[in-house]
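Subject: Structure handover

Hi,

Here is the structure I said I would pass on. Please load it before you read further.

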Amino acid sequence: MANQRVKFTFPAALVPQPIIYNLGQRFNLVTNIRRADVREEMGWVILELEGDDQEIRQGVAWVKSVGVRVDPISGDVIEG
Amino acid sequence: MAPFVTCLRCRECAREYPVEPLNVCDFCFGPLETAYDYEAIARATSRRRIANGPLTIWRYRDLLPVDAENAIDIHAGFTPLIKANNLGRVLGLDNLYLKNDSVNPSFSFKDRVVSVAATKALEFGFDTLSCASTGNLACAVGAHAARAGMRSVVFMPADLEAGKIIGAAIYGSTLVAVQGGYDEVNRLCSEIADSYRWAFVNINMRPFYAEGSKTLGLEVAEQLGWRFPDHAIVPVASGALLSKIWKGFNEMVSVGLMEGPVPTRMHAAQARGCSPVVDAFNAGEEMVMPVRPNSVAKSLAIGNPADGIYAIRAMTSSGGGAHGVHEEEVAQGMKLLAETEGIFTETAGGVVISALKGLTERGAIGRDELTVAYITGNGLKTQEVVGDVVHPLAIRPNMREFEEALHGLSPSAR
């Protein structure tokens, strides 16, 4: 089992979609939300994903493919 | 040990943690920050004690989260604060100052933060100092690791121009050129930071690293004769610099060095090719929508800024503002600063000068108000942006051709 901490940022069109539920169901992942701010026009959710390493990777790729931005929880670490 | 640090504290849920190489709260995944015993600092520190300290950031040792006796010190800080009469005349500002941090040892303000991070890394027993960088940070890490006798490992995108990283390579850093885009480098470095016992200055050392930026607030207030400016114009990348300058000002009040409340209005400067903090602030939002950077101001190109929300809170609570400059205004700002004050800054400084101009034009800064613009990096690092300034008068070696060429110039250039 592996886990990964991520930040999902949702554009307005995806805010009403049950993306985190589907992520858990489709990739057999435990999704554990720690902080979030979701509004009509956009939203972000910081959560931990727990499950098989490969399924976490596939699940994150799927979330990206539907239009959610996925970032490490520390923000961008590449600095100028 | 740092005598006045009490713990690490989550900036979101306020849970406390021991002083260890941690940067994220295990409960809410919020960022951790160093917390201090301000009453104890107030008893120990004084303007005189600071004035008698070294001419570096380490004169503010009482407000830094490390044991300053063992500081990794290449003389970062105490850079010039210059009254900018010429630039002020152009912009219509009678009380303008420039904090010229481009003259730090590795030519950017990153020496301040890395000096603190390297010192803490040695305290924790790390032997490797690391970062992911496209320029200034890599140079500061390389320089401080060399001074500390530590190994340094710098990650960078594989397509980065070699010249950007020479300033790190010269110190003997191991350079890792990662194929793939910005996002991949970002994700890989986060994973490596979790897997290796290395001191990543802006990941597991971040609560200590970021505190180094406070010195840009403390220093300006001291150099103004123990006075806060009315306005501070700060370049924003991750947002840590702006929020920590604000923190530094407020800590001076907390420890009795200054009278409060802090009057300074904090203003953010970004280029429009990467302006998530400016855009959120101007939309009245705290929530920063990440963007994909596409800006000539590479040193500010952080699309998902870790401290963006804290920068916005500082701007809001100080009554400050934000200005996004057009990409073509970046080089214009660099040229204006060089031509008026003799300071050659990199693109981030160009952003600051053009944002200062924009804020002044829209009436956010009054003519008589004491204003400080932060110039954080050296122009030699981004010379390609202003290559069009070079057009020499080509002559053969005789006086006649010289004088003809001279008379061909506009009167102001003769």
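My notes on the structure follow, by topic.

Please keep in mind that this is a predicted model.

**The sheet of chain A**

Chain A has an open sheet of four strands. Their order is β2-β3-β1-β4, and the pairing is antiparallel. β2 (30-38) and β4 (69-72) are the edge strands, each pairing on one side only. On average, neighbouring strands are turned by 25° against each other, direction ignored.

Two pairings in detail. β1(A), residues 2-11, and β3(A), residues 42-51, are joined by 10 bridges and run antiparallel. In that pairing, Phe10(A) faces Gly43(A) of β3(A). β2(A) and β3(A) share eight bridges, again antiparallel. There, Ala36(A) stands opposite Val45(A). A hairpin of three residues links β2(A) to β3(A).

Helix α2(A), residues 53-65, lies across β1, β3 and β4 of chain A. The helix runs at about 5° to β1(A).

**Where the chains meet**

Chain B puts 34 residues into the contact, and chain A puts in 19 residues. On the chain B side, the elements giving two or more residues are β6 (128-133), α5 (136-148) and α7 (182-195). α7(B) gives the most, with six residues. By class, the chain B side has 18 nonpolar, 13 polar and three charged residues.

Strands also pair between the chains. Two bridges connect β5(A), residues 78-79, with β6(B), and these strands run parallel. Glu79(A) sits opposite Ser133(B) there.

**Cores**

The largest nonpolar core has 122 residues. Those with the most contacts inside it are Ala117(B), Val141(B), Val234(B), Ala268(B) and Val352(B). α5(B) gives the most to this core, with eight residues. A second, separate core has 21 residues. Its members include Leu23(A) and Leu29(A), along with Val24(B) and Leu32(B).

What does Val352(B) touch, leaving aside its neighbours within four places in sequence? Its contacts are Ile233(B), Pro235(B), Ala269(B), Gly333(B), Ala373(B), Tyr374(B) and Ile375(B).

**A helix pair in chain B**

The helices are α13(B), residues 327-341, and α14(B), residues 347-361. Their axes come within 7 Å and cross at roughly 90°. An angle of 65 to 115 degrees counts as roughly perpendicular, and α13(B) and α14(B) are therefore described that way.

The contact holds eight nonpolar, six polar and one charged residues.

**An enclosed helix**

Is α12(B), residues 308-318, largely enclosed or open? Eight of its 11 residues are buried, so α12(B) is largely enclosed by the rest of the structure. The buried residues are Gly308(B), Ile309(B), Tyr310(B), Ala311(B), Ile312(B), Ala314(B), Met315(B) and Ser318(B). They pack against α10, β11, α11 (276-282) and β12 (321-325) of chain B. Just after α12(B), Gly319(B) has a positive phi of about 75°.

**Backbone points to check**

- Gly260(B) and Pro261(B) are joined by a cis peptide bond, with omega about -5°. Pro261(B) is in the loop between α10 (240-254) and β11 (265-271) of chain B.
- Phe29(B) has a positive phi near 65° and is not a glycine. Its loop runs between β2 (16-17) and β3 (32-36) of chain B. With 22 C-beta neighbours inside 10 Å, Phe29(B) counts as buried.
- Phe78(B) also has a positive phi, about 50°, without being a glycine. Its place is the loop between α2 (47-51) and β4 (81-83) of chain B.

Is Phe78(B) exposed, partly exposed or buried? A buried residue needs 20 or more other C-beta atoms within 10 Å. Phe78(B) has 19, so this residue is partly exposed.

Best wishes

Technical notes: Residues are numbered from 1 along each chain as its sequence is written. Chains are lettered from A and ligands numbered from 1 in the order in which they are written. This is a predicted model: local features need pLDDT of at least 70, side-chain atom pairs count only at pLDDT 80 or more; totals for chains, interfaces and linings use all residues. Axes are lines fitted to C-alpha atoms, for helices over the stretch in contact, and angles run from 0 to 180 degrees between N-to-C directions. Angles under 35 degrees count as roughly parallel, over 145 as roughly antiparallel, 65 to 115 as roughly perpendicular and the rest as oblique. Ala, Val, Leu, Ile, Met, Phe, Trp, Tyr, Cys and Pro count as nonpolar, Asp, Glu, Lys and Arg as charged, and the others, Gly among them, as polar. Two residues are in contact if their C-beta atoms, placed from the backbone, lie within 7 Å. Two strands pair if DSSP finds at least two bridges between them. A nonpolar core is a set of buried Ala, Val, Leu, Ile, Met, Phe, Trp, Tyr and Cys residues joined through C-beta atoms within 7 Å. A residue is buried if 20 or more other C-beta atoms lie within 10 Å of its own, exposed if 12 or fewer, and partly exposed in between; C-beta atoms are placed from the backbone.
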